Structures are given as C-alpha cells and as structure tokens.
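Try each task before reading its solution.

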Amino acid sequence: MSPLAALVLLPVLGGGLAWVLDHPRLGAALRLRDGAWRMSMLTLVLETALLALVTFRHPTPAGPWLAHFYRPWVPPLGIAVRLDMDGLSLALIWLSLVLSLACVGVATRQVTYHAGVFHCLLLATLGGIIGTFLATDLFLFFFFWELMLVPMFVLIAVWGHENRQYAAMKFLVFTQGSGLIMLLSILGLVIAHYRVTGVLTFDYFTLAATPLPPMSSMVLMTGFFIAFAVKLPAVPLHVWLPDAHTQAPTAASVLLAGILLKTGGYGMIRFNVMLFPDAAARLAPIAMGLGIAGILYGAWLSCNQRDLKRLIAYSSISHMGFVLLGIFSGSSMGVQGAVIQMLAHGLGTGALFLIAGAIGERMHTRDMQVIGGLWRVMPRLSGTGLFFAVASLGMPGLGNFAGEFLVLLAIWPVSPLMGALAAIGLVLASVYSLRMVNSIFLAAPRPEPIAGADFGARQMVVFACIMAFLVVLGLYPQPFMTFSTPSPLPVAAGAATRSNAP
Amino acid sequence: MAAFLIPLAVLCPLVASIILFTCARHLSTRGVGVVACGGVGLSALCCVILAAWLLARPVTEVLHVDLWTWMRAGGFSAHIAFMLDRISLLMILVVTIVGGLIHIYAMSYMRTDPALARFFACMTLFVAAMLVLVLASDLLCLFIGWEGVGLCSYLLIGFWHDNPANTAAARKAFYLTRIGDVAFLCALLLLATATGSLRIASEVGAAESGQVSHMVVNAATLCMVVAAFAKSAQIPFQAWLPDAMAGPTPTSALIHAATMVTAGVYLLARLHGLFALAPAVQALVAVMGVLTLLMAACTALVQSDLKRILAWSTISQLGYMYLALGCGIWQGALFHLMTHAFFKALLFLAAGSIILRAGHEQDIFRMNGLGRAMPGVTAAFVAGASALAGLPLVGAGFYSKEMILSGLWPARFMLAGHDIPAGPVLWGLGLLGAFLTALYIFRAVFVVFEGDSRTDPTGRTPAGMGIPLACLAVMSVFGGMVEMPDTLAPIHLFTAFLGLSPPQAHEPAWLVLAGALAPLSGLLAAWVLWGRTPRIMREMPGQASIIPLAGSTPRATDALYGLVFVRPLRVLLWFVRHDVAAYCLGRTGRLTRLASDRLELARRGMIGLVAGRTVMLTREGSILLGRMQDGRVRWYAAWIAAGLCAALATMVLP
C-alpha cells in the first residue's frame, strides 16, 4: 500500500471511528470521555507520523516527484486513482496537518452537540483537502474538490452561529456552482484530447500535452480559473467568504481560512499556470488586476468591520490577493512568494480565528466594541493576538512579509504601478490590524468583570509552535522556497515550446 | 571574536525582551529591571569592546558578518548580514549607552507601574530593533529594524492603553510612519530590480559606476527621503511626534534621543554616496530641512506643555541634520545626531523628574520657581538647555551646530545644470533657527525654574534617576568637545573617528563668531522677555497670539490632514460600509425572489383563470347540447330537414 493512498484514507477512516466511538453506550462501555476527540487526535498524530515518513524516506529524491500511487478506477473512461506528490503538495499538506492539529488541540474539545459527527465531518474535510493536494487525475481531483465541500457545508449549517443556514447555503452555491464550471472544463479538455489522439484519459500528465488552439485553451482555462478564483477568493467572487467564515464554528473557520482557501491557490499553480501556460500568460493582466483589487478592496472593507471574525475574513481576502498576484506574475519568484504567502497566511489567520473563537467562547460576542480591552484579564491571549495581528500587517521578519516582498519584487518589473498599488495595501493592513489590537487587546477594559480564564499551558504550547513556524518562515524562508517549488512538467514545457514554435 | 560580538550585541536586548514578554508573571519588579538593564548593559559592553577592537584597526576596516541567506529567488538575493564600520560603530555606541542610561532611569521612574514587564519588554525590543537597523549591511535586513522601531514606538506610545487618546496617538504615529515605510519598500524594489541585490556597499558602488540609471537613482532616493521624513517627523509628516508624548517619559527620551527619529538621518548618512548622485533630491532635503527647522522652532516657542516644547525642539533639531545632509555635510549631521542624543535624553529625563515631582503637572505656567526646590534637576536641565541652544563652549550643541553652519556657507546646489549658491541663505536661516532655539528653550527654563514658587514639589529624585541624569549632563557639556572649529582649537577627533580628513578650508573667524552670538542673543531675549519681568509675560493670556502662524501650525496641519486624508477616507469608508459585491448579490437575490414570487402569482392566476373558464365553458356547452337532445321527434325532424336544406344549398350554390 502506497503511503499516499493511506494519507487520504486515514482521516476518513479515523473520522468514521470517531463517529462510532461517540455512541453513548460504547463510550460508557469503554469508560472513555471525549472519545471522538481522542480518536481525532490519534488520527491526526498517526497522519503526521505517516507524512513525516513520506517526507524523510527519500533523503534525496531522484526526480522532482517524491511519491506516486496508481490504480485504475474506471478503465473504459480512462479514469484512474492517481496520486502524486511534489514539494508544493507536501508543503501544503504539512500546513493542513499543523493547522488541523492546532485546531483539534485547542478548539474542538468543547463541542458537545453530536461530537462524533462533528469530528467525522472535520476529518472528512481534511481527507478531501489532502486528496485535492495529491490528485493528478482530473476526475479524481474533481471528486476530492467536491468531497471537501459537503462536510464543510454541514459543519457550517449545523454547528455555526446565528445566521448559519444562510451562510452555508451561500457557501455551497458559490463553490458547487464554480465546481460545475470546472467539471465542464475538465470534460472539454478530455474531449479535445480524445479528438486529437483518440485516447480517452483524465490523466494530468497526458492531458498537459494536448495541443489546443489558443481560443479553446483560453475558454477551458477560464473554466478552471473561475472555480479557483471563487475558492481563493478573488474579488468579486469573494461574497461567500465573509459570511461563511463568520458563521462557521471555530474549527471550521480555521480549516476554511487556513487550508480550504489554499486549494484555490494550489489549483491555480497546478491547473492554470502549468496546464495552460500560454493562456495563463494571456489572462495574467486581468488576473493581476483582480489581485490588486482584492488586496485593496479586502483591506478596505476590513478596516470598516465591527465583527471580529468578519474583520479577519476580509483581511484574508486582502492577503490572498497577493497570492493571485504572485501566481500570475509570470516568474518563478512570484510563485515562490505566493506559496510562502499561502503558508504564512494559513498559519497566521488560522491562529487569529482560533483566538477569535476563544474570545467568542468567553465573551459570547464577536462585536469588538462590546468585547473591550482584554490585556489586563487575559494577558496571554492578548499577547498572542497581538503577535498574529502584527504578523498580519506584514512585519518584516515574520512569514507574511517574506511572501509579500517576493510577490512585490516579482511584480515590480512587470508593472511598477501595480507594485506600488499593492504596497499601499500594506498601509491599509496596518490600519485594520492595529484597529483590532486597539479595540480588543490594548484597550480600556469593559467595566463589568469578565468571566473566563486566560489561555492555559496546552493552548500556549500550540500557539507557540505556530509563532515559531511564522518566525522561521519569516527569517529563513529559503528551504521552504527551494523545497516547495512546484515540479515542472516536462510535457508542459514541451507543449509550451511547441506552441511557441510556429 | 568581533564577528561573534556583533550578533551578541543584538541578541542581548532581544533575549531580554523575549524573557520579559513570556515570564512577566514570574518576575518581581526588581527582577524585571535587572533583566532589562542587564540586556541593554551587556549589549553596551559588547559595543564598547567592538569599539576598542575597531578603533585599533585602520579606518577603512569594515567587519562583515553574514549570518544566513534570507531569500534567494530569480536573480535576487537578500541576506541577514551585519556590518560594522565607523558610522555604525558610532550609532551602536550612542544607542546602547544612551539607551542603557534611559533604562536605568526608567527602572526608578516606572517602578510603581503594574505593567512594568510589558514596558521593559517593549523598551529592550526597541533597542534591539534599532541595533538591527544600524548594523544591517543589507537594506532588506535594515528594513526589519526600520519596521521594528515603528512597532515598538506604537506599543510604547500607547502603553497606557486605558485612555483612548493614547492609543489614538500611537496609531497615528504608526500610520504616518507606515506611509514612509511603504515608500521605503518601493525604493527597495526599485534598487533590487535594478541590481538584484540590496547590499548597501554594492548598491552604492553600482550607482557610482553608472550601472543604475539616473532615473532609478533619483526615484529611489526620493522614496527614501519620504521614508526618512516620515520616520523623523519632518514636514509634511510632523504631526505624529508631538502626540507621541502620550507615552511614558523614558519612552519619549528613547524615541527622541537614541532610536526611531534618528533612523532616517542614519539612513541618509549611510547612503550618502547614493544621494550625492541625486542633487535635486539633496536640494529638496535641504529645503525641507530648513523649513521644518524654522516651523518647529516657532511652534515650540508658543507651547505651554513642557514635553511638547521638547518634542517640537526635536523636530527642529532633526531639521538641522537634514539641512546638513542635503548640503552633503553628512559627518556634521552625524555629529549633531550624537550630541543631540545626549542633550535630548537629558532634557527629557530631567523633564520627567520635574513632572513626577510636580504632581504630574506638565504645563510650564503652573510650575514656577522650581529652581530652589530641586537644584540638582535644575542644573541638569539647564545643562541640557544650554547644549540644545548651543551656548558657546559650555554646550555640546554649539560644536555640532558650528560644524553644520560653517559647512553650509560654501554649499551650492547643482540643479538642471544651474549652479545655485544657496549656501549663504541657508546659513542665515540656520542662524535664525539657532536664535529661536535658544529663545524657546530658555523661555521654558526661566518660566519653570525662576520666580516665586507656586507648586510644592514632593519627594526627592532617587539615585536611580539622578545618576543617569548626571552622566548625561556630563556628556552634554563635554561630549561636543571632540570636534572644534579651527578658530578655537585644532581638535578633530570626531572626523578622525569617522575616518575622514579634517576640513581643509579654514572657515573665517566671523562665521564662528556669528554662530556663537546667535544663541547668546536668544538667551538674552528670553531673559528680557521671561526672566527679568516675570509678571508681565507670564500672566499674559493667549501668548500664542504673539506668533499667530506658529501658534496655529499644529492645529492647522492636523486640520489639513483631516481635510486631505481622513475626510476622503471616511467618505470612501461610508460608501463601502457594505461590501459592494455582497450588497449587489444580496440585492440580486432579493430581486430574484421578488420576481419569482410575482411569477408564481401570475402563474397561479393564469392557471386559475384557464381552469375556471374551461369548467364554465364545459358546463355551458353541456347545457346547450342538453337542450338540443330533448327527446321531441318533431324537433329532430326539423333539424334534419334544416341540415338537408343547408347541405343542398351549399352544393347547388356556386
């Protein structure tokens, strides 16, 4: 059994077990409290061990691809279960696991309402995400892409806050609808390949070599692009995000902001820029314009929010604008910057959502003007929050700055104007971050006493790990940059030269 | 060993800061002070050893310490790297020694504050960030320190966060300097794109050898000037520094003397080779510097808050430094930076002692006659004031100002091929500034210390505060004597320290004399106005109206900011108070629902109508047909006959 398949299956299996373990009679028989939570923790630890095994098994991998897995699934249609892992996938899976561990370690033990189902859905989402990062069969990719949406939809709709039904429906309509457009594009690509070669296949590497007229490659790429732009999200398709992030339970918010958005960036690198390099180059000005719009618009709206989770959600849109900008900058430096930015944003914003969840749990509100200053009562929570707010405003030496700087450096030769506009986003970032700090951390406390304890040792260990990751990412991103470079496609390179030749 | 000491000098305060942030609960008040002062003190020790090591070497010796590669992508690479040459040596000595004295002072000053650990954590982090800034040999590494000091100033200005005004002042400081930071980032991007590296030495070298186009040099230096002006609160960014007084007094001393505001001066002095290639930008720096110098001096003249007077005087003195930098006298700017660090730290710390003992009173007109009650602090403040005013011989400021003024006289600008001898004009304005400086600072001295006692100071100044004051007072009096005009004595230790040859051209004696007379006349005027006739000028209401323009400057600039930046931003924010896209989507959704409701209604109506009519038609039809079949044979026969007739008629008729 290849470790890749195990990586995908393990969370799903663990989730199922967690569901079973949560059965009251079984729990009583085993004398196990928090059975579902313990099971999820165990699953994640096993998964991490497995991933560590995959990472360190080959000290010097022969090629850019670290591991492969192949089984035919529907042979008549050329559909296979094909999983491949390169540095980009590996980095993003590590991010997913670190965040999930933090999330389960800090925020899900308190869930009492159908805890088993909750953990099962959480792990199923994780399985879908890992599958998305690994799949190199387009049909399988689409399958995982949908797989992660449905459990997330249920998580929001059942365990969310006051307006959860609306938010969940909005989330589902946007992501599902765009997923269908992607399916059309996938089918179009497969049919185009079939027409030319007579081979029906969904294999990524084979399809990458499909010779396409410029017009149809543009159309097909736009289909992919829309799906990923919704997920990233790019303005104006970001509408689902603030509601979904705000209404989702803490753990789901963390997964949404930390990892789910990254599937959009991952998809753009793997399926837009690398599958259709020429069309992507032609779309680049529009995509970069959308990126700039996202940076400024997201930051602008973030400055104007009173709801803590909403503020963080809009700041995510702003940060992901840099990712879009970097991916379409047309240089490897931009892609590296985008990857660093994705990792840093996942860690930083995930931690901010965890903190927002902790505050919500203690204060029962997300309104920043009601919360008041917390430093005196909860210095640890506030100090942690201050750190991540500072990271989010792009302090040099922390992860976000490294990503943003590389993206800006990549964009500057293309268009200094765009670079300057994106840099203005950093001023706005300081406005919303410091507004948050001065409303809830370093501010006058509320007159009435606050019930609820400060972070304990367990939470602080989790947050200290995330902080350490961010500092390492900020001060020594070089290993991540060289490591997480997406593997170039020899065939895609061939296709690019072929289409350039005539 | 030296290569090991440089990172150690940065690490000591950094580690102290981390300890204080994380272990705040487990440390006593004394422990906190010891950790903070120990961190900065160890760093100062490292710096002194480094100084001894470097000064024993030839002047061109530069020590490079490359720690690791920060990022390398495409053709670009950045490093976490430090460099020790004479300029950075001067800076680290000033930062750690003055910073260390401020820390010792703060240990006594802040000892009753409940959040002492957070205070000292921010202070030590401030020193660490400033050390990174001045030691970095890579501009991107310098940017870590550049942003770091901004963050620390934000945390410290808003230290007493229970008052919203304090946090607002802190945010204002951060936003205004952040605008400059973005300009700095743009300069970095310009240079990195042009040369693929951000090493200071290679940057300057590439520009001098003409590898970088003229336009890039001009644009990059302009961006850096914006960044430096924002950091140093020069026009048009001056608004944040007076508000920054909201922080504790040792913070003000640290921001004004050793760190933060001097970062911009350091940057321009460090890159003087690059700025020499952009004469237009240099001229701009000089003009803005002299404008700021005069504007801030006039504003300081009408302030009544002791700390605000000092804040405006800092802006004014920084104007001197930029004036010097703009005319290419960067060594003069650095010399003034050093002496300014001494006397401004002294003035702030003395002011802090006065304010503490006067019961947190900051208005100078409510604390007359303190001279007799606290002679030690008075002596320290007067020493600082004479150094700031540049009183000849007894003030450190005299020598540094003299170096700048005598350098200004022959200055010329090369603008668009024209040779403009702007030197004498700038010199005259600088002299006017010196006069104003003496006037405003001795106004404060006479008002606070002279006259009959109105407030009863309480307590004594503890030794923990007195010793740093004494040290700084000595440095303020004697610190300037390392460099003298040739007219007085041929001492050129400072230029030798920087590795420059002493100035060749002897300035005429009357230049020195004029420079000495300007502050003296300022002192005299202050004595006439505020010292000799205390009742008249002190009691006069609305003193600010003496110089109407100056009195209204801060308010006017705030109003201008409000009009230019804040108001449009507010309007825009009002427009986007809803997410436009979400709003449109919501509207569309509502419209769709409305339309479908209407359609539903219409459908229901149509079907109802059709169904009803059908039923009616059927019923009526059946009645009609029922009538026809009534069972009477005669009627049937009549129908048959009529039908036959009709059929025949249609067949026969054409």
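**Exercise 1.** In this predicted model, find which residues line the largest cavity, and sort them by class.

*Solution.* Start with the residue list: B:Leu268, B:His272, B:Phe275, B:Gln282, B:Val285, B:Leu325, B:Gly326, B:Gly328 and B:Trp330 make up the lining. Next, look at where they sit: helix H12 (272-275), helix H13 (279-301) and helix H14 (306-326) of chain B each give two or more residues. Counting cavities of 30 Å³ or more gives five.

**Exercise 2.** Now take the second largest cavity: which helix gives the largest share of its lining?

*Solution.* List the lining again: B:Ala389, B:Gly390, B:Phe398, B:Lys401, B:Glu402, B:Leu405, B:Ala434, B:Gly515 and B:Pro519. H17(B) takes the largest share, with four residues. By class, the lining has five nonpolar, two polar and two charged residues. The volume of the second largest cavity is about 50 Å³.

**Exercise 3.** What does the UniProt annotation cover in chain B, and how much of that span is helix?

*Solution.* The unreviewed UniProt entry puts "domain: NADH:quinone oxidoreductase/Mrp antiporter transmembrane" on residues 136-411 of chain B. That span is 75% helix and 0% strand, and its end C-alpha atoms lie 31 Å apart.

Definitions and conventions. Residues are numbered from 1 along each chain as its sequence is written. Chains are lettered from A and ligands numbered from 1 in the order in which they are written. This is a predicted model: local features need pLDDT of at least 70, side-chain atom pairs count only at pLDDT 80 or more; totals for chains, interfaces and linings use all residues. Side-chain values use heavy atoms; hydrogens and water are left out. UniProt positions are given in the numbering used here, feature names are shortened, and annotations may be inferred rather than shown by experiment. On a 1 Å grid over the protein atoms alone, a cavity is a set of points where a 1.4 Å probe fits but cannot get out, and a pocket is an open set with protein on both sides within 12 Å along at least five of seven lines; lining residues have an atom within 4 Å of a point. Grid points are joined across faces, edges and corners, and a volume is the space filled by probe spheres set on the points. Ala, Val, Leu, Ile, Met, Phe, Trp, Tyr, Cys and Pro count as nonpolar, Asp, Glu, Lys and Arg as charged, and the others, Gly among them, as polar.
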